[in-house]
Amino acid sequence: MAELESLETAAEHERILREIESTDTACIGPTLRSVYDGEEHSRFMEKLEARIRNHDREIEKMCNFHYQGFVDSITELLKVRGEAQKLKNQVTDTNRNLQNEGKELIIAMEELKQCRLQQRNISATVDKLTLCLPVLEMYSKLRDQMKSKRHYPALKTLEHLEHTYLPQVSHYRFCKVMVDNIPKLREEIKEVSMSDLKDFLESIRKHSDKIGETAMKQAQQQRNLDNIVSQHPRISGGKKSKKEVCASSDLEVKNTSPMSEQDSGILDVEDEDEDEEVPGAQDLVDFSPVYRCLHIYSVLGARETFENYYRKQRRKQARLVLQPPSNMHETLDGYRKYFNQIVGFFVVEDHILHTTQGLVNRAYIDELWEMALSKTIAALRTHSSYCSDPSLVLDLKNLIVLFADTLQGYGFPVNQLFDMLLEIQDQYSETLLKKWSGVFRNILDSDNYSPIPVTNEEVYKKIVGQFPFMDAELEKQPFPKKFPFSEFVPKVYNQIKEFIYACLKFSEDLHLSSTEVDDMIRKSTNLLLTRTLSNCLQNVIKRKNVGLTELVQIIINTTHLEKSCKFLEEFITNITNVLPETVHTTKLYGTTTFKDARHAAEEEIYTNLNQKIDQFLQLADYDWMAMEPGSKASDYLVDLIGFLRSTFAVFTHLPGDVDVHSTMSGKVAQTACMSACKHLSTSLMQLLLEAEVRQLTLGALQQFNLDVEECERKMQS
């Protein structure tokens with residue numbers, strides 16, 4: 001049985017080997033799988049190795065049989081390759097030699113051909129140039145004239161070339177080209193002259209700042225001269241026109257040599273000292289490019305085109321000039337440069353208006369000025385609103401006045417600028433109020449709220465010179481003595497006068513009447529008194545740490561400041577020459593301001609007294625169940641009465657002459673005493689009516705009654 005199985009296995013292995021030998025490699029997988037599925041794997045491997053050895057022996061026999069023939073073939077092939085390489089090298093050398101010999105021949109032939117061609121071209125060129133030389137010389141002359149920017153001679157040469165020289169050689173082709181180029185040459189002359197104009201416009205734009213600065217210097221000199229003349233017998237005539245000063249209408253057109261590339265219309269002028277004569281704005285500018293270009297376009301029949309272009313470009317430049325820098329409000333130089341550019345622009349346009357015939361007209365100038373005026377006013381309104389420094393606002397006002405006077409001298413209406421200055425005046429007043437608010441706060445915070453002591457006559461006269469105070473009794477007293485008010489009274493009074501002076505400075509050169517100046521100063525001063533100073537006084541009065549002595553001194557100070565209001569009225573009248581009795585004259589509201597402050601101080605005194613009384617009453621410690629009363633008033637009540645007596649003694653320092661002193665001190669002391677007594681009685685009654693007090697003994701009531709009697713007795717005394 002075992003032998004049978006062994007035979008079957010051997011037969012199966014033989015079949016598998018045949019399949020492996022005859023089957024494609026990609027399909028050998030199932031055959032190999034059948035080997036591994038069986039149990040005779042090792043025996044199959046032995047048969048496989050034996051089969052491999054048999055095949056190797058057969059391959060070796062076959063190779064041994066054919067080896068000698070293979071070696072002989074390889075040897076013959078190597079011999080053929082060597083001969084083929086030699087043949088190849090010979091062919092390559094032959095080809096190289098042939099190419100080198102042919103190249104030299106080709107070069108020589110090309111050189112000969114080129115020489116013969118050049119010879120024919122030179123001969124033909126000489127013949128043609130001999131015939132056309134006069135035309136070419138004339139054309140060259142035209143080009144030279146155009147290159148040197150001699151536009152007038154260039155136009156004449158072009159006309160002579162077109163009508164005299166070109167007809168003589170018209171049968172040549174280049175003549176026809178030249179004839180066709182004549183319109184282009186005329187256009188080129190127009191473009192070149194236009195280029196000069198563009199350079200001029202660009203330089204004018206860059207140097208308008210310098211031109212405007214010069215014009216404004218002239219206006220300032222004229223105004224200084226007018227002021228000097230006005231100090232002598234006053235002449236009521238109007239201001240001279242800047243045109244009369246500059247004599248711009250009498251200028252001669254400069255027809256000098258054409259501008260070089262460096263000279264584009266603006267002559268260099270160094271800064272002059274103030275003592276030296278300032279050159280006219282027209283002395284800084286060479287207008288010849290405009291005149292030349294205008295004449296050329298007129299000759300060529302394109303004057304209207306030139307006028308439209310010039311006006312269009314100047315409108316664009318006007319918009320650029322009128323665009324203020326974003327940081328213009330930071331410094332006065334920013335405003336000055338802005339104004340200089342505007343003035344420079346319109347000085348140039350005014351000169352063009354008076355030295356050319358129709359290039360610009362009055363309607364065009366008025367249109368530009370209306371646009372400039374509206375944009376300038378809008379820019380000033382916007383940027384001036386950022387100014388918080390009154391000195392900068394005042395300098396800006398002076399600069400605007402100079403700007404307006406300069407342009408008014410050239411015939412431009414500037415009423416809207418002065419109207420806008422009145423708006424800036426309101427802003428200037430607000431910046432002054434903010435500044436003086438800080439000044440008043442510093443004065444009030446640094447004051448010691450004590451009467452001013454004087455040790456000699458010099459100090460006494462100094463204070464009396466600062467503040468209008470007259471007291472015959474105080475003058476009779478020997479030194480040392482004291483003024484009834486503290487230091488903030490003369491300081492505040494002097495600062496009010498300084499504020500009035502600051503308001504007066506803004507009104508200068510605004511062409512306002514005395515009544516308008518007076519009204520402006522009084523309104524601003526009223527705002528200072530009723531809003532700024534009043535708020536500062538109220539803040540001092542409402543401070544938490546203010547004492548009764550300070551409040552009393554504030555009452556004294558405000559009383560004297562109230563009495564000084566009539567002197568402020570006189571001060572304003574003296575500087576404006578407008579009597580207070582004049583119709584529509586604004587009155588100062590200082591009296592009301594100081595009265596309100598004094599009343600607030602009195603109310604604060606009453607409030608502080610009541611608060612002190614409440615603090616003492618918090619110390620009250622009644623034994624409502626005591627059987628016997630004490631032998632004297634309660635300690636807290638004795639201390640409270642002592643405090644009130646010392647407090648009321650302070651009111652004897654209230655100010656004024658005898659009548660005012662007695663009336664004011666009596667009124668404040670009486671009102672304070674009544675308020676304190678009323679508050680004390682109400683508080684004592686509240687002690688009895690507290691919800692915590694449920695029972696009372698007779699002894700406790702007798703002690704309470706003893707305290708009340710003590711209050712009555714001390715208050716009556």
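Trainee: Which residue forms a salt bridge with Asp 93, and how far apart are the closest N and O atoms?

Mentor: Start with the general idea. Side chains of opposite charge can pair when their charged atoms come close. The term salt bridge needs a side-chain nitrogen of Lys or Arg within 4 Å of a carboxyl oxygen of Asp or Glu. Here Asp 93 pairs with Arg 96, with 2.9 Å between the closest N and O atoms. The two residues sit 3 positions apart in helix 3, so about one helical turn separates them.

Trainee: What should I know about the model and its numbering?

Mentor: This is a predicted model, in which local features need pLDDT of at least 70 and side-chain atom pairs count only at pLDDT 80 or more, while totals for chains, interfaces and linings use all residues. Residues are numbered from 1 along each chain as its sequence is written, and side-chain values use heavy atoms, leaving out hydrogens and water.

Trainee: How many helices and strands are there in the protein chain?

Mentor: The chain has 22 helices and 2 strands. Both are DSSP runs, numbered from the N terminus: helices are H or I with at least four residues, strands are E with at least two.

Trainee: Is Asp 93 buried, partly exposed or exposed?

Mentor: Under 20% is buried, over 50% is exposed, and in between is partly exposed (1.4 Å probe, protein chains only). Asp 93 is partly exposed at 38%. Arg 96 is partly exposed too, at 43%. Across the chain, buried residues make up 39% of the 717 residues.

Trainee: Where do Glu 569 and Arg 522 lie, and how close are their N and O atoms?

Mentor: Their salt bridge has its closest N and O atoms 2.5 Å apart. The pair links distant parts of the chain: Glu 569 is in helix 18 and Arg 522 in helix 16 (residues 514-541), 47 residues apart. Glu 569 is buried at 15%. Arg 522 is buried at 0%. In total the structure holds 23 salt bridges.

Trainee: Which residues form the nonpolar patch on the surface?

Mentor: First the rule. Patch residues have over 30% relative accessible area and no salt bridge; like charges are joined within 9 Å, and nonpolar side chains (Val, Leu, Ile, Met, Phe, Trp, Tyr) within 5 Å. Accessible areas come from the Shrake-Rupley method with a 1.4 Å probe, and for residues only the protein chains shown count as cover. The patch here is Phe 70, Ile 74, Leu 77 and Leu 78, with about 410 Å² of accessible area together. Phe 70 lies in helix 3 (residues 41-147) and is exposed at 52%.

Trainee: Where does Ser 634 lie, and which residues does it touch?

Mentor: Ser 634 is in the loop between helix 19 (590-617) and helix 20 (635-650). Contact means heavy atoms within 4.5 Å. Leaving aside residues up to four places away in sequence, Ser 634 touches Tyr 622, Gln 703 and Asp 707. Ser 634 is buried at 15%.

Trainee: What stands out in the backbone at Pro 480 and Tyr 449?

Mentor: Look at the backbone angles. A cis peptide bond joins Phe 479 and Pro 480, with omega about -5°. Tyr 449 is not a glycine, yet has a positive phi of about 55°. Tyr 449 lies in the loop between helix 12 (415-446) and strand 1 (453-454), and is buried at 5%.
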